[in-house]
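Good morning, and thank you for making time for this presentation.

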Amino acid sequence: MAEGGGGPARRKALSLLEAARSRYESLQISDDVFGESGQDSSGNPFYSTSADSRSAASSQDEEDDEEDEGRLEGPGPRGRAARRRAPRAEEEEEAEKGGWTRSLRDVPPPHFKDGSGPTRKMPLTASAMDFFQLFVPDNVLKNMVVQTNMYAKKYQERFGSDDAWIDVTLTEMKAFLGYMISTSIHHCESVLSIWSSGFYSNKSIALIMTQSRFEKILKYFHIVAFRSSQTTHGLYKIQPFLDSLQNGFDSAFRPSQAQVLHEPLIDEDPVFIATCTERELRKRKKRKFSLWVRQCSSTGFICQIYVHLKEGSGADGLDALKNKPQLHSMVAKSLCQNASGKNYIIFTGPSITSLNLFEEFEKQGIYCCGLLSTRKSDCTGLPPSMLNNPETPQSRGQYRIRMKGNMSLICWYNKGHFRFLTNAYSPVQQGVIIKRKSGEIPCPLAVEAFAAHLSYICKYDDKYSKYFISHKPNKTWQQVFWFAISIAINNAYILYKMSEAYHVTRYSRAQFGERLVKELLGLEDTSPSH
């Protein structure tokens, strides 16, 4: 548990971690990190806190065990204990053969020289619409107009004319989006509730467009009207929009060094859960895609989106994705395809964490820190002695470490047993987990960094997931589209909070959404401000 030496690179890395540490302490949810509030209390996929889990002891305990092993002989209880340790000795030998050693050495932190933050300075008078159109500009909206009108024309040629239909305009398309986005601020059972006389009605915006006109646009709404003869991907109806959105994310923001790969909360709609029937709940669980993101852990800005479709019962289906670590590895590679050579530190959950993936990323200049699970992770190449739990009781804060090259495998105990794999943090550097009830718990620096960055992302999910558009279409491409629009609005608000315009108006997330809806509906002045 010795600490390593200093140096400019080390001091800079620790100062960056100090910023993450202060964010972590300010969250006031430290008792929920690593299951402090009970078994799987948070429901977060990054943490597993089963009561019967066991972890590894500290290096000092291992040395004590080795000293005792020579004395534990004979037919009594001590002799039986020695025989139980025999398999552990074999596992240790196997670990040595695999290149894993107890000898630890200091690993310099990955050097990060790129700046982070918005790439464009927005004026003081920038509106919510200005920030939103950094990702969804007018040319994208005009394409929606063209494709929707084309689809309506072909649809009527095939199934008969629709006398009530008139080609949609750009103004109407913006109003259509505004109505949909309003469901992320004022949650309701259906977007059509806006025009009702019930509790969820919204007379302030209902007069801009009639309900019948809205329903017609909803019927024919398309991003890509027709499948190309060369198109085989299931997301062809939305892929051009996703590509445009990704270009907007890349050009508007430079992420910090620390980032997280995970699945954001996209179905946590309390109104929907409270009002839907059991049959609707079962239907919701049959969602035909999985949405993954790469997210900046210092701001919450989502840098990249990856959608994995369930295109049948084959090996690439969603069911296989949930059960096969190699498919999660494919997701991670897709999310990090633009991150090579930038010395990013990527935090991962147990479904993604694997030795082979981390070694492949290291060759590309991407460093990782991930939580391991013997049930969910691909443990190929890891020493069995570090994956099995000891029979002796453990104290909070005890840990042991094995090292192979720059890779460290950590077993740490805190009311449960947690394993981490990392090549981003030195194994000889110590950190601390701060608990409201228990005070400070010692741990390796990688464990503290994981807790700090992941806690921030959990806080982001708690705050922003309730602003996802609550419209529930049946078509998969439309579900993906509205989730992507919701992410774009959240990203727009993050850029707004980092701009000078925020110091003038200081909108909350709900107020920002309301302003955006009014500007899309034409109820506010949206004249160009830049």
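This is a predicted model: local features need pLDDT of at least 70, side-chain atom pairs count only at pLDDT 80 or more; totals for chains, interfaces and linings use all residues.

Let me give the overall picture. The protein chain contains 19 helices and 12 strands. Of its 530 residues, 52% count as buried. Among contacts between residues at least 6 apart in sequence, 71% join residues at least 24 apart.

I now turn to the pair for which I gave the definition. Helix H9, residues 239–252, crosses H17 in the left-handed sense. The two helices pack at an angle of about 15°, and their axes are 11 Å apart. Because angles under 35 degrees count as roughly parallel, H9 is described as roughly parallel to H17. Which residues of H9 and H17 meet? From H9 come Phe 241, Leu 242, Leu 245, Phe 249 and Ala 252, and from H17 come Val 480, Phe 481, Ala 484, Ile 485, Ile 487, Ala 488, Asn 491 and Leu 495. Sorted by class, this contact of H9 with H17 has 12 nonpolar residues, 1 polar residue and no charged residues. As a general point, an α-helix has 3.6 residues a turn, so residues three or four places apart point the same way.

The next element is helix H6, residues 170–182. How many residues of H6 are buried? The count is 10 of 13, and H6 is thus mostly covered. The buried residues are Met 173, Lys 174, Ala 175, Phe 176, Leu 177, Gly 178, Tyr 179, Met 180, Ile 181 and Ser 182. What covers them includes helices H4 (128–132), H5 (138–159), H7 (203–206), H8 (211–220), H17 (476–497) and H19 (509–520).

H6 and H19 pack at an angle of about 155°, with their axes 8 Å apart. Since an angle over 145 degrees counts as roughly antiparallel, that is the description given to H6 and H19. Their crossing is left-handed. On the H6 side the contact is made by Lys 174, Ala 175, Leu 177, Gly 178, Ile 181 and Ser 182, and on the H19 side by Leu 516, Val 517 and Leu 520. By class, the contact of H6 with H19 has 6 nonpolar, 2 polar and 1 charged residues.

The residues of the contact of H6 with H17 divide into 8 nonpolar, no polar and no charged.

I would like to close with some individual loop residues. Asn 343 has phi near 60°, a positive value in a residue other than glycine. It lies in the loop between helix H13 (325–335) and strand S6 (344–348). Is Asn 343 buried or exposed? Its relative accessible area is 19%, and because the cut-off for buried is under 20%, Asn 343 counts as buried. For Arg 506, phi is near 55°, again a positive value in a residue other than glycine. Arg 506 is placed in the loop between helix H18 (502–505) and H19.

Glu 500 is found in the loop between H17 and H18. With a relative accessible area of 36%, Glu 500 is partly exposed. Leaving aside residues up to four places away in sequence, Glu 500 touches Lys 121 and Leu 124. Glu 500 and Thr 125 are 375 residues apart in sequence, and their C-alpha atoms are 8.9 Å apart in space.

Lastly, Ser 298 lies in the loop between strand S4 (289–296) and strand S5 (302–309). Ser 298 counts as partly exposed, at 24% relative accessibility.

Note on methods: Residues are numbered from 1 along each chain as its sequence is written. Side-chain values use heavy atoms; hydrogens and water are left out. Buried means under 20% relative accessible area, exposed over 50%, partly exposed in between (1.4 Å probe, protein chains only). Helices (H or I, at least four residues) and strands (E, at least two) are DSSP runs, numbered from the N terminus. Contact means heavy atoms within 4.5 Å. Axes are lines fitted to C-alpha atoms, for helices over the stretch in contact, and angles run from 0 to 180 degrees between N-to-C directions. Angles under 35 degrees count as roughly parallel, over 145 as roughly antiparallel, 65 to 115 as roughly perpendicular and the rest as oblique. A crossing is left-handed if the near helix is turned anticlockwise from the far one by less than a right angle, and right-handed if clockwise. Ala, Val, Leu, Ile, Met, Phe, Trp, Tyr, Cys and Pro count as nonpolar, Asp, Glu, Lys and Arg as charged, and the others, Gly among them, as polar.
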